[in-house]
Structure formats: structure tokens, C-alpha cells
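Me: I would like to learn how to read the features of a model such as the one shown here, one feature at a time. Please begin with a helix and go on from there.

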Amino acid sequence: MSVGPPPVREELEDGIDLERLKVVPARYPWRWIATGVVAVLLAMAGHALVTNPAWDWKVVGEYLFYETILRAVWLTLKLTALGIVLGFAIGTVLALMRLSRVPLLTSVAWTYVWIFRSVPLILQLLFWYNLAILYRYLSFGVPFGPSFVQVATMDLIGPLTAASLGLALHQGAYAAEIVRAGVLSVDQGQLEAAAALGVPRGRQLRRIVLPQAMRTIVPTAANEIVGLVKGTSVVYIMALPELFYQVQVIYNRNGRIIALLLVATIWYMIITSILSAAQFYVERYFAKGSARVLPPTPLQRLRAAVAGWRG
Amino acid sequence: MSAAMVEVRGVHKSFGALHVLRGIDLRVRPGEVTVVLGPSGSGKSTLLRSINHLERVDRGYVTVDGQLMGYRRAGNKLHELKERQILKQRTQIGFVFQNFNLFPHLTALENVAEAPISAQRRPRAEAHAEAEALLRRVGLQDKTRAYPRQLSGGQQQRVAIARALALRPKVVLFDEPTSALDPELVGEVLDTMRDLARNGTTMIVVTHEIGFAREVADTVVFMDAGRVVEQGPPSVVLDRPQHERTRAFLSKVL
């Protein structure tokens, strides 16, 4: 025997069953109008790019894979990699110093960040470049005691070393704050749980804290990397043949300014696009466990769409 | 009378001007279940956290299985232990948190196997096999590969209990293990704890579950304002409390 009222059937006054009526989707005319306006503007921009001969697309094509340009791209990549890897190594050490319980370490880390964030990168680079004026020789040995090796500063720190050093030290200050923010974002209970389980300190950091901190660190760090790719262009003041310096050299010779600026633009965009794609997958890796189900990657979405089409 | 597994003697603890523990004495014998009751702010959690030295006490001392927690005695002096040694002492004490504090980026199995591998240096394969057995024991054998966020609150707390047991501790401390759970999920966690008690695990449980205290506890301790007001078997403390304060508290929660 069933209990409770009989199921109610929604009915209109004219006795027609609601379930059998046709559904008319809501219309949004303004969305269509906005779409139309933007499409026209896009077409105009595209047209202006293609039809104006001053853009010099033919010359762009000639120089895009020119050997000197490729070597310049390589140098730009090398400077970026050195700046980021060394910068984040310095930054991680600084962040841990800042979070330590030793007063001198905290204040040294704080001071470092303060100085290197205060001085413009271009100024720092010039300092490193001219280090030989400040200290003619660098010696390695016992502090305040005898020295074992002495090198002329000029021989040790060439333009490339000065540039990487400057970029890394500058980047280190920013990286320190990024890593510190990441570590602070991890819930205190995580450290407590690890401590209660007797997990050793170093392992707490590597296994418990940093992987969770990476969720906060990666997006900001990616920003920094992308910023640095283009930021490396300031080393042109040291006459290092990276991408921006190289296109200037070429257009000063042949006068095709716009075309060569475009070459540089395209290369910076290519590098940034690759990095952005990498960022997506790195973020996804560190997101494990953070959501019940991770959203599909673009590739998975594409595959699903193709499968849907066929089916 | 057998030796105490956990002994708390004259423990005081303040946070700034707030005097949270005002001289606590407690003895827990091996295999015994002690339930600590009391209003919030009475110092129950601080007491538990002092036992495994997550909080350093200001006065008094704690021993676990005869070992002084956090200090080493040499003649007339107490030497503070280094963090590394304190971490080692803690491996003898399991701790279950109110908010589980599972590691969200590790699977259930990895959560349970982490401490045996890193704190006790047990071989990986052995630790994993034992973690699997522990998860089976708390009824989660088919959730070993799940991440904490893919589990319900009750399941997460059961993983946390398995994680606490993985170190083969001499005593397990529970800090309000069911307070963060939906009423429906409380039962499965209490069942797991009941099962541990039956198997002779020494436990100290801070909880508001009077029913659990009545059924499982050997000793019930009632705390208020940083002091132990009354302690004894549940039949006495819960049914015939001697103190007015205990009676007032029980009349509200029952």
C-alpha cells in the first residue's frame, strides 16, 4: 500500500500537459550586435595589416629564420633560463632564510629583497658590467686570511656573466617573495600534522609544504618568466647580441625598421606562447588532489569533440 | 597497579595573559581509554597538544611510557631536546585532528605510508603493504588511490586514523575527531574508534560524544577552566557526578 498524496500533474487551464509543450530558448539580441561589431573591427584590423605595404611582410619572412636572428633568439633563451633558474635558486634560499627563526638570516634576506627591488635592473646591469672599476681583482681563500686564487675581474666577469648575474640577482629578489607567499599560503595544520607524525624537517618542506605551495607559486612564477623573456632585452645596453640588440643592428644597416621590429615581436610571441602552454601543464600537475576531477586538457577536449562528431 | 602509559604531572600552560592549563594531573594505564569532557575553552585540546609536545608546557612534565617528553634529564638539570629528537619521540604518539589535516596532494595510501617511510625509515614496499592493511582495517580498502578531497568527511577522518596508527604508536590522541563531521558520518568514525579500543589501543579522546564515553571509556575526565574537576569511571562521572559544575555541564549536553 502506498502512502502520501498521488503525484500531481501540472496542467494549464486548457487541459494541455506542460511536459509536451515546445521550449523556446531565450534570445539575446545585444549579444549578436556586439559580436557583429567586434567581427567588423577585427576584419578591418586584419585588412590593414595585410594590405599596407609598409609592414614589409616579405622582408619579415626573409629575416625570421636568418642565422644571426636565430643565434640571437638562442641567446635570449639562454639569458632567460639562467636568470630564472639561478633567480629562483637564490629566491628559494632567501625565502627560507626569511621564514627561519634566526634573526640575522631574516634581516639579511629582508635587506637583500629591499635593495634589489629598489634599484632598477638596467642600473644593476651597468654596475655588474663595470665591476672591474670597483674591484680590479677577485680573490678566493680564507675570509680575511690568505687567498689561494686571484683573478682579474675583467677576465672572470665578461658581458654574458655580468648580464646573467644581474638578471639572476634581480630575479632572486622577486622570486624570494613569490616563494615566501607560496609557503605562507599552505595551511598551518599541514605542518602540524607533519610534526605530529614525526616527519623530519627537510622532508616536511620538500614533501608536504613545497608541493602545495607550488599551486600559488606557479602562476606568479610563470608571469615572472614571461616578463624576463622580454626583460632580457635590456641587456642590449651591454652590447650582447640578444634578439632586441640584433634586430637593431640589422635595421641600422638596411633601414627596414618595421620589418625587423616585427621579426623580434614574432619571436617573443612564439617563446611566450610555448611558455604559456607549458604553464598550463605544470599547473595541472600541481593541482592533483585539489579538485575532485581535474578539467580536461585542450587536447582531451579536442579528442572528445572529434569523437562526438564521428559518433 | 601497573605503570602509567601516559603521565601528566602539574602541567601549566599560558598563551600570553591567558592561563589555559592550571595544574593538570592525569594517569593513563596501558590499553585504557580515557575520554576528556568539558566546555570549550576549558583547555582540553591544549592538554592533548601538550602531551605530544606540539605545545611546550610552562611548568610540570609529561611522560609517555616512562619517557620524559621534550626533555632529557641529566642529574639536576633538564636539557631541552632538539627538534629532531622531539620529532622522533612523537612517532610513539598518534594524533588525530579535528580537521583531519590530511595531505591533500597525496593519495590516501601515500598519506598513511608517509610517516613510516620518512620518520621510521621503513622500506617503501613494506610501508605501502601495511598502509593498505590499515586502510582495509578502517573499511577503506577500495579508496587507497583516492585523494582526500574525493572522500567524505567520515572517510577522511578514517584515513587520518589509519595514518596515526601507521607508526604503531603506544598511545593515540584524538582531538574532537567527530566535531567537523555531518551527524550522519559521526557513527562510522566512532565505530572505527570503538574497534581500536576493543583491540587494546591506549587512547585519550577529547570529544562531546557522551554516548561514546559511556560505552567505551575506562576513565572519564571532566575539565573546566584549565583544571580537572572530576575523574573516574563513566558510571560515576556521567551518572552520579560529585561536582555541581559537572552536573551543570552534563545537563546541557545530555
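**Reading the model**

Reply: At 1.5 Å a residue, helix H5 (residues 153-165) of chain B, with its 13 residues, should span 18 Å, and its end C-alpha atoms are 19 Å apart, which agrees. The expected span is 1.5 Å times one less than the number of residues in the helix, and helices here are DSSP runs of H or I with at least four residues, while strands are runs of E with at least two, both numbered from the N terminus. This is a predicted model, in which local features need pLDDT of at least 70 and side-chain atom pairs count only at pLDDT 80 or more, whereas totals for chains, interfaces and linings use all residues. Residues are numbered from 1 along each chain as its sequence is written, and chains are lettered from A and ligands numbered from 1 in the order in which they are written.

Me: What confidence values come with the model, for chain B and for the model as a whole?

Reply: The pLDDT is the predictor's confidence in each residue, from 0 to 100. For chain B its mean is 93, with 99% of the residues reaching 70 or more, and the model scores ipTM 0.89 and pTM 0.81.

Me: Is H5(B) enclosed or in the open?

Reply: A residue counts as buried if 20 or more other C-beta atoms lie within 10 Å of its own, as exposed if 12 or fewer do, and as partly exposed in between, with the C-beta atoms placed from the backbone. By that rule 12 of the 13 residues of H5(B) are buried, so this helix is largely enclosed by the rest of the structure; among the buried residues are Arg158(B), Ile161(B) and Leu165(B). The cover over these buried residues includes strands E8 and E9 together with helix H3 (108-118), helix H4 (124-137) and helix H6 (183-198), each of chain B.

Me: How many residues of helix H1 (residues 29-51) of chain A are buried?

Reply: Of the 23 residues of H1(A), the number buried is 0, so this helix lies largely in the open. From its first C-alpha to its last, H1(A) reaches 33 Å, close to the 33 Å expected at 1.5 Å a residue.

Me: How should I read the sheet that contains E8 and E9 of chain B?

Reply: Two strands are taken to pair if DSSP finds at least two bridges between them. On that basis chain B has an open sheet of 6 strands in the order E8-E9-E10-E3-E11-E12, with mixed pairing. Its edge strands, each pairing on one side only, are E8 (93-96) and E12 (227-232) of chain B. Direction ignored, neighbouring strands of this sheet are turned by 15° against each other on average, an angle taken between axes, which are lines fitted to C-alpha atoms (for helices over the stretch in contact), with angles running from 0 to 180 degrees between N-to-C directions. E8(B) and E9(B) (residues 171-175) run parallel and are joined by 4 bridges, Ile93(B) having Val171(B) as its bridge partner.

Me: Which strands form the sheet of 4 strands in chain B?

Reply: This open sheet has the order E2-E1-E4-E5, with antiparallel pairing, and E2 and E5 of chain B are its edge strands. E1(B) (residues 6-15) pairs with E4(B) (residues 59-64) over 5 bridges and with E2(B) (residues 18-28) over 8 bridges. E1(B) and E2(B) form a hairpin with 2 residues between them, and Gly16(B) in the turn has a positive phi of about 60°.

Me: Where does a positive phi occur in a residue other than glycine?

Reply: One case is Asp65(B), with phi near 55°, which sits in the loop between E4 and E5 of chain B and counts as partly exposed, with 15 C-beta neighbours inside 10 Å. Another is Glu176(B), with phi near 45°, in the loop between E9 and H6 of chain B; Glu176(B) is buried, with 21 other C-beta atoms within 10 Å.

Me: How many residues of chain A are in contact with chain B?

Reply: Two residues are in contact if their C-beta atoms, placed from the backbone, lie within 7 Å, and by this rule 21 residues of chain A are in contact with 24 residues of chain B. Helix H9 (188-196) and helix H10 (201-231) of chain A are the elements that give two or more residues to the side of chain A that touches chain B.
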